[in-house]
Amino acid sequence: MPAKSDSMAKPGLTIPIFNTYISPAAADEVAKVLQSTFLSEGSIVKAFESRLAAELGLLNPVAVNSGTSALHLALVLVGIAPGDEVICPAQTFIATALTIMQERAVPVFADINYGTGNIDPRSIAEKITPKTRAIMAVHWGGYPCDMDEICAIAKKHGLAVIEDAAHAPGASYKGRAIGAISDFTCFSFQAIKHITTGDGGAVCCRDENNARSAFAKRWFGIDRFNSRPSVLGERQYNVSAVGYKYHLNDYAAALGLANLSGFKERMARRRAIAARYRKQLGGVPGIRLFSETPDRESAYWLFGLHVERRLDFVRALLERGVTASVIHQRIDRNSVFGGLRGDLSDQARFDETQINIPIHDALTEEQAEHIIKSVSAGW
Ligand SMILES: Cc1ncc(COP(=O)(O)O)c(C=O)c1O
């Protein structure tokens with residue numbers, strides 16, 4: 001292990017783990033919507049959806065007010081019923097599995113691959129019972145899951161696939177965009193994600209009928225664009241199934257549209273920083289890089305590593321002005337899910353050693369260099 005170097009400390013200048021990216025054009029674009037006084041869901045939401053499809057290759061994106069709403073809507077469209085089982089990883093944010101419980105269904109936690117933090121298809125296969133209805137796969141930190149294997153298991157057992165791509169806009173798997181592969185893919189546009197609308201999300205549906213249902217269900221089950229007002233002024237509709245107030249607003253979509261400009265350049269920069277980290281940190285004693293294969297491209301919402309003596313690592317980096325964080329611990333231990341589960345051996349190993357170092361749009365070249373030096377100096 002290299003010697004510890006305190007001379008690298010930068011007091012008062014701690015590099016944060018995340019930033020919130022706001023395009024310089026955003027303030028004007030949002031102001032235009034505010035000045036129009038049409039704040040709710042309208043033409044700007046439509047424009048945002050078209051731009052998401054064009055820029056990121058998403059299939060039928062339906063914009064909603066959060067990534068959590070997108071996941072819930074996908075489960076509703078699958079037709080998840082009370083008592084059904086949905087297989088998901090524990091290495092995620094609590095939202096993933098809570099949406100399953102919102103339908104009174106049961107999250108069944110599968111193990112992950114230690115090298116990536118992504119759900120392990122072999123563990124999915126072991127967890128299938130006659131009650132299983134769907135697989136919810138999370139692209140942890142933006143690195144795509146083993147989609148071929150997951151879709152093959154789903155096909156064999158007649159299950160739906162829902163991708164939680166909150167961390168993965170712009171990622172790709174075997175040349176296909178995340179958002180155009182399985183039945184449903186859900187994105188988050190929350191404040192610290194790659195593309196923010198303040199809060200927001202999108203559910204992408206392979207099947208156009210599902211997309212049509214999603215458009216209606218995001219606003220109470222009413223077809224907002226095709227239901228005309230009567231002479232008395234009331235919109236004419238017949239709601240035939242439960243809907244939700246999950247629509248995105250035009251001022252939020254204006255922020256999202258502005259932030260979509262230059263997305264590809266921002267992603268290329270993130271990837272260049274990740275490549276530098278991988279090249280220069282791979283050989284540092286006490287570090288194991290996450291596994292990557294050339295058939296997929298991460299969106300690098302996170303840059304994760306496995307480290308020995310993690311607490312010492314975090315403290316040493318903090319002394320040198322660098323934040324390191326686990327971001328999310330496994331979620332299956334929350335009492336809402338019924339207590340300890342504990343049969344996830346790779347998850348248990350991951351819990352002990354995973355850590356993330358800063359990677360985001362505001363990170364300067366100098367800061368990236370400082371992070372590399374700070375890690376290389378040892379702990
Ligand atoms: C993996 C994952 N899924 C879902 C969500 C929920 O997204 P939102 O905050 O937009 O509801 C998050 C949020 O951080 C997340 O990290």
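**Strand pairing, domains and ligand shell**

Strand 6 (residues 172-173) pairs with strand 11 in the antiparallel sense, over two bridges. The structure is a predicted model. The protein is divided into domain 1 (6-10 + 263-376) and domain 2 (26-260), and 14 residues surround the ligand.

- Three strands form an open sheet in the order 7-6-11, with antiparallel pairing.
- Strand 7 (176-177) and strand 11 (296-297) stand at the edges and have a single partner strand each, so one side of each is left without a neighbour in the sheet.

**Domains**

- The C-alpha centres of domain 1 and domain 2 are 26 Å apart.
- Contacts between the domains involve 28 residues of domain 1 and 34 residues of domain 2.
- On the side of domain 1 that touches domain 2, helix 9 (263-281), strand 11 and helix 11 (345-353) are the elements that give two or more residues.
- Helix 11 gives the most to this side of domain 1, with five residues.
- By class, this side of domain 1 has 12 nonpolar, eight polar and eight charged residues.

**Ligand shell**

- The closest of the residues that surround the ligand are Ser 66, Gly 67, Thr 68, Ala 166 and Ser 188.
- Helix 3 (67-78) and helix 4 (95-102) are the elements that give two or more residues to the shell around the ligand.
- By class, the shell has nine polar, four nonpolar and one charged residues.

Definitions and conventions:
Residues are numbered from 1 along each chain as its sequence is written. This is a predicted model: local features need pLDDT of at least 70, side-chain atom pairs count only at pLDDT 80 or more; totals for chains, interfaces and linings use all residues. A residue is near a molecule or strand if its C-beta atom, placed from the backbone, lies within 6 Å of it. Helices (H or I, at least four residues) and strands (E, at least two) are DSSP runs, numbered from the N terminus. Ala, Val, Leu, Ile, Met, Phe, Trp, Tyr, Cys and Pro count as nonpolar, Asp, Glu, Lys and Arg as charged, and the others, Gly among them, as polar. Two strands pair if DSSP finds at least two bridges between them. Domain bounds come from an automatic or database domain assignment. Two residues are in contact if their C-beta atoms, placed from the backbone, lie within 7 Å.
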